[in-house]
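Let's get to know this one by asking and answering a few things about it. Take a look first.

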Amino acid sequence: MDLDTVSYVFQSLDGTFTIKPRLSRRWRVKHDSMPWGDSFASAEEAAQALSVRFAVPADLNEWTEIGDFHTDVGGFHL
């Protein structure tokens with residue numbers, strides 16, 4: 001099994017925030033499943049921008065990390 005991508009999720013009083021990589025190697029943000037802001041050069045930059053506007057930490061170590069793995073029978077989330 002190989003790790004394909006890592007995403008970050010944080011649940012706060014302001015909603016659910018997700019930072020995911022794009023194929024372009026930039027990072028996108030979703031707020032309650034809706035796109036938010038522009039794409040970012042790094043996940044850290046995205047978390048920092050979110051922390052200025054919402055009650056979320058700027059430090060990704062405080063976010064939940066979700067790995068997307070690929071196997072010979074397809075992908076799954078862990």
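A quick definition to start: buried means under 20% relative accessible area, exposed over 50% and partly exposed in between, with a 1.4 Å probe and protein chains only. The model is predicted, so local features need pLDDT of at least 70, side-chain atom pairs count only at pLDDT 80 or more, and totals for chains, interfaces and linings use all residues. Residues are numbered from 1 along each chain as its sequence is written, and side-chain values use heavy atoms, with hydrogens and water left out.

Q: In what order do the elements of the chain run from the N terminus on?
A: Helices (H or I, at least four residues) and strands (E, at least two) are DSSP runs, numbered from the N terminus. The chain comes to one helix and six strands. From the N terminus on, the order is β-β-β-β-α-β-β.

Q: What share of the residues in the chain is buried?
A: The chain has 78 residues. Buried ones make up 36%.

Q: Is Ser39 buried or exposed?
A: Ser39 is found in strand β4, residues 34–40. Its relative accessible area is 18%, so Ser39 is buried.

Q: Which side chain makes a polar contact with the side chain of Ser39?
A: A polar contact is a pair of N or O atoms within 3.5 Å; within protein, one must be able to donate a hydrogen and the other to accept it, and residues adjacent in sequence count only if both atoms are side-chain atoms. Contact in general means heavy atoms within 4.5 Å. Leaving aside neighbours within four places in sequence, Ser39 is in contact with Arg22, Arg26 and Trp27. The polar contact, at 2.8 Å, is with the side chain of Arg26.

Q: Which backbone oxygen does the side chain of His31 reach?
A: His31 lies in strand β3, residues 27–31, and is buried at a relative accessible area of 19%. Not counting residues up to four places away in sequence, His31 touches several residues, including Phe17, Trp36 and Phe54. At 2.7 Å, its side chain reaches the backbone oxygen of Asp14.

Q: How far apart are the C-alpha atoms of Trp27 and Phe40?
A: Trp27 also has its place in strand β3, and at 16% relative accessibility it counts as buried. Beyond neighbours within four places in sequence, its contacts include Tyr8, Ile19, Ser39 and Phe40. Trp27 and Phe40 are 13 residues apart along the chain, and their C-alpha atoms are separated by 4.9 Å.

Q: Why do the buried residues of helix α1 lie on the same side?
A: In α1, residues 43–53, the buried ones are Ala43, Ala46, Ala47 and Leu50. The arc here is that of the directions from the helix axis to the C-beta atoms. These residues share a side of α1 because they cover an arc of only 95 degrees.

Q: How far apart in space are Leu60 and Ala47, C-alpha to C-alpha?
A: Leu60 lies in the loop between α1 and β5 (64–71), and at 10% relative accessibility it counts as buried. Leaving aside neighbours within four places in sequence, Leu60 is in contact with Tyr8, Ile19, Ala43, Glu44 and Ala47. Leu60 and Ala47 are 13 residues apart in sequence, and in space the distance is 6.8 Å.
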